[in-house]
Amino acid sequence: INLIKLSTSLTYKKLKFDRRNNTLTNIDNNSVIPLTLIEGNILDILIVENNPVTKRLINSKALGQSEGVNSHSIDSHIYRLRKKLLTISSKTKIVANKKGYYQII
C-alpha cells in the first residue's frame, strides 16, 4: 500500500522532485535522475517533514510496513538515494544520527 499522496512536485533548495514521474531535477543545471517508487517515497517524506525522521516512520510510510518491523531495506534505499543525489547536487545530503533518524540537509 502506497501511503504517500501523489502531488505534482516538491521543491527543496535547488532540487525539484516530480512525483508524477518520480524524477529529481537540479534547477540550476537541469540534471535529471529517475528514482524508484520507494526512493521517491523516502525523498517525499524527508522533504515534507523537514525534521529528523525515524526509520520506523519511513518504513511505515514508504514501504507500507508496520512500524514495529525493523527492516534493513530502508538503509539500502537510503544508500542508493544518497548516491543519486550526489550525481546531481553535492550540496544536498541525507544524514543519519546514531539514534536512527534521517534528515535531508
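Select strands β5 and β7 (residues 101–104): two bridges join them, and they run antiparallel. Strands here are DSSP runs of E, at least two residues long, and helices are runs of H or I, at least four long, both numbered from the N terminus. Two strands pair if DSSP finds at least two bridges between them. Now pick Val53; opposite stands Tyr102 in β7.

This is a predicted model, where local features need pLDDT of at least 70 and side-chain atom pairs count only at pLDDT 80 or more, while totals for chains, interfaces and linings use all residues. Residues are numbered from 1 along each chain as its sequence is written, and side-chain values use heavy atoms, with hydrogens and water left out.

The three strands form an open sheet in the order β5-β7-β6, with antiparallel pairing. Which strands stand at the edges? They are β5 (53–54) and β6 (94–96); each has a single partner strand, so one side of each lacks a neighbour in the sheet.

Next, show α3. This helix packs on the sheet and touches β6 and β7. Contact means heavy atoms within 4.5 Å.

Then select α2 (residues 55–63) beside α3 (residues 73–88). They pack at about 80°, with axes 10 Å apart. Axes are lines fitted to C-alpha atoms, for helices over the stretch in contact, and angles run from 0 to 180 degrees between N-to-C directions. The two helices are therefore roughly perpendicular, a label for angles of 65 to 115 degrees. Highlight Lys55, Ile58, Asn59 and Leu63 of α2, then Ser73, Ile74, Asp75 and His77 of α3: these make the contact.

Finally, zoom out. The protein has three helices and seven strands.

Notes. Angles under 35 degrees count as roughly parallel, over 145 as roughly antiparallel, 65 to 115 as roughly perpendicular and the rest as oblique.
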